[in-house]
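Reader: I have the model open and would like to go through it with you. Let's take it one question at a time.

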Amino acid sequence: MEIVLALAIGVLTASGLWLVLRPRTFQVLIGLTLLSYAVNLFIFSTGGIRIGAEPVLRDRAGALAQYADPLPQALVLTAIVISFATTALLLVVLLVARGLAGADHVDGRKDAEE
């Protein structure tokens, strides 16, 4: 399971970086979104990957030994909300910039000038 998660994080990161380096603003926006997904998966994986296990671990006597760490889940939930708001704000800024500049290139050039 760890190798699948590592591959997913790697593919999301590579795709996100490739899209961030593209010349169009919408591709940059999608690239930033993919990068945020990769970071969320990475943070979530730091809490430990256990499938079908109890969140509360018990020792041999049946007493509570330790709890699962809820911090990664809380951080990912907060990051999802913040990335959604940031993506919405960035989309509005990009639409206004496209309306003012007349092009959706990152550097502001038009297609005919390429």
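**Questions on the fold**

Reader: Is Ser83 buried or exposed?
Author: The relative accessibility of Ser83 is 18%. Buried means under 20% relative accessible area, exposed over 50% and partly exposed in between, with a 1.4 Å probe and protein chains only. Ser83 therefore counts as buried.

Reader: Before we go on, what pLDDT do side-chain atom pairs need in order to count?
Author: Residues are numbered from 1 along each chain as its sequence is written, and side-chain values use heavy atoms, with hydrogens and water left out. This is a predicted model, in which totals for chains, interfaces and linings use all residues, local features need pLDDT of at least 70, and side-chain atom pairs count only at pLDDT 80 or more.

Reader: Thanks! In what order do the elements run from the N terminus on?
Author: Helices (H or I, at least four residues) and strands (E, at least two) are DSSP runs, numbered from the N terminus. The protein has three helices and two strands. From the N terminus on, the order is α-α-β-β-α.

Reader: Back to Ser83: how far apart in space are its C-alpha and that of Leu32?
Author: Ser83 is found in helix α3. In sequence, Ser83 and Leu32 are 51 residues apart. C-alpha to C-alpha, the two are separated by 9.2 Å.

Reader: How are α2 and α3 oriented to each other?
Author: Helix α2 covers residues 25-45 and helix α3 residues 71-101; their axes come within 9 Å and cross at roughly 175 degrees. The axes are lines fitted to C-alpha atoms, for helices over the stretch in contact, and angles run from 0 to 180 degrees between N-to-C directions. Angles under 35 degrees count as roughly parallel, 65 to 115 as roughly perpendicular, over 145 as roughly antiparallel and the rest as oblique, so α2 and α3 are roughly antiparallel.

Reader: Which residue forms a salt bridge with Arg24?
Author: Side chains of opposite charge can pair when their charged atoms come close. A salt bridge here is a side-chain nitrogen of Lys or Arg within 4 Å of a carboxyl oxygen of Asp or Glu, and the count comes to one. The closest N and O atoms of the pair are 2.5 Å apart, and it links the loop between α1 and α2 to the segment after α3, 80 residues apart. The partner of Arg24 is Asp104.

Reader: What separates the C-alpha atoms of Val39 and Thr13?
Author: Val39 lies in helix α2 and is partly exposed, with a relative accessible area of 45%. Along the chain, Val39 and Thr13 are 26 residues apart. Their C-alpha atoms are separated by 8.2 Å.

Reader: And what about the surface: what is the area of the nonpolar patch that includes Ile3?
Author: Ile3, in helix α1 (residues 2-20), counts as exposed at 58% relative accessibility. Patches are made of residues with over 30% relative accessible area and no salt bridge; like charges are joined within 9 Å, and nonpolar side chains (Val, Leu, Ile, Met, Phe, Trp, Tyr) within 5 Å. Accessible areas come from the Shrake-Rupley method with a 1.4 Å probe, and for residues only the protein chains shown count as cover. Met1, Ile3, Val4, Leu7, Ile49 and Ile51 make a patch of about 630 Å².
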